[in-house]
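Visitor: I would like to learn how to read the features of a protein model, one at a time. Could you take me through them slowly?

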Amino acid sequence: RFSGKANLTLRYKPIEQVELMAMGGVTHLNLENKQFRSTMSLEKGGAVMGPAQLTDRMNRNFYKTFQSTASYNDRFGDHGLSALIGYSYEDFSERWVSAFRDNIVSNDLPHINTGSPDNQKGNGSGFEWALQSLFGRLDYNYRDKYLAELTMRYDGSSRFPPSKRYA
């Protein structure tokens with residue numbers, strides 16, 4: 001089993017009223033699950049438990065995310081103004097494969113290629129998705145008493161058909 005995560009955030013203020021921010025992260029996971037049932041001879045009665053069989057499954061997934069924003073915040077006498085614009089992206093992919101064989105030639109060699117091909121089974125699948133967004137907000141206040149806010153968002157998803165991917 002292997003898994004790893006990494007995240008990074010960067011902030012920068014070129015002037016007092018403006019802040020730029022970017023952050024990203026990745027998560028990666030690799031798994032292997034091996035189930036081996038060996039052939040066993042029982043002492044009483046000489047019965048044999050078996051035949052030996054092996055199921056081997058491997059799974060891999062990878063997740064990435066990124067967000068960036070630019071914000072502005074200032075006051076002009078009794079007036080306050082702030083704005084934010086941003087971008088967001090995420091994607092995920094997963095793949096897995098599974099194999100089965102029985103009649104393994106030896107309990108000392110529990111590997112798929114040492115089993116009989118007569119009853120072999122294989123399976124696997126995978127999927128992926130992605131999201132992408134643009135967003136923004138504009139705030140105005142007068143004497144911190146009267147407030148107005150305008151918000152916008154534009155999202156896209158790979159889960160929808162290409163003609164309807166963005167809403």
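Guide: Let us start with accessibility, where a residue is called buried when its relative accessible area is under 20%, exposed when it is over 50%, and partly exposed in between, using a 1.4 Å probe and protein chains only. Arg 143, with a relative accessible area of 53%, is therefore exposed, whereas Asp 78, at 34%, counts as partly exposed. Please keep in mind that this is a predicted model, in which local features need pLDDT of at least 70 and side-chain atom pairs count only at pLDDT 80 or more, while totals for chains, interfaces and linings use all residues. Residues are numbered from 1 along each chain as its sequence is written, and side-chain values use heavy atoms, with hydrogens and water left out.

Visitor: How do the side chains of Asp 78 and Arg 143 meet?

Guide: They meet in a salt bridge, at 3.1 Å from N to O; the term stands for a side-chain nitrogen of Lys or Arg within 4 Å of a carboxyl oxygen of Asp or Glu. To place the two residues we need strands, which, like helices, are DSSP runs numbered from the N terminus (helices are H or I with at least four residues, strands are E with at least two). Asp 78 lies in the loop between S5 and S6, and Arg 143 in the loop between S7 and strand S8 (146–157), so this pair ties together parts that are 65 residues apart in sequence.

Visitor: How many salt bridges does a search of the whole structure find?

Guide: The search finds seven, and one of them joins the side chains of Glu 128 and Arg 95 at 2.8 Å, N to O. That pair also links distant parts of the chain, since Glu 128 is in strand S7 and Arg 95 in strand S6, 33 residues apart. With a relative accessible area of 54%, Glu 128 is exposed, while Arg 95 is partly exposed at 36%. Another salt bridge, of 3.1 Å from N to O, is formed by Arg 137 and Asp 139, where Arg 137 is partly exposed at 37% and Asp 139 is buried at 18%.

Visitor: Where is Asn 107 found, and what is it in contact with?

Guide: Asn 107 is found in the loop between S6 and S7 and is partly exposed, with a relative accessible area of 35%. Contact means heavy atoms within 4.5 Å, and, leaving aside neighbours within four places in sequence, Asn 107 is in contact with Phe 36, Ser 38, Thr 39 and Ala 52. Asn 107 and Thr 39 are 68 residues apart in sequence, and their C-alpha atoms are 6.8 Å apart in space. A polar atom of the Asn 107 side chain lies 2.8 Å from the backbone oxygen of Thr 39.

Visitor: How is a pair of aromatic rings described?

Guide: Such a pair is described by the distance of the centres and the angle of the planes. Rings of Phe, Tyr and Trp (its six-membered ring) pair if their centres lie within 6.5 Å, and planes under 30 degrees apart count as stacked, over 60 as edge-to-face and the rest as tilted. The structure holds six aromatic pairs. Among them is the tilted pair of Tyr 63 and Trp 129, with 6.4 Å centre to centre and 55° between the planes. This pair links distant parts of the chain, with Tyr 63 in strand S5 (residues 53–76) and Trp 129 in strand S7 (residues 116–142), 66 residues apart.

Key:
Polar contact = N/O pair within 3.5 Å; in protein donor to acceptor, adjacent residues only side chain to side chain.
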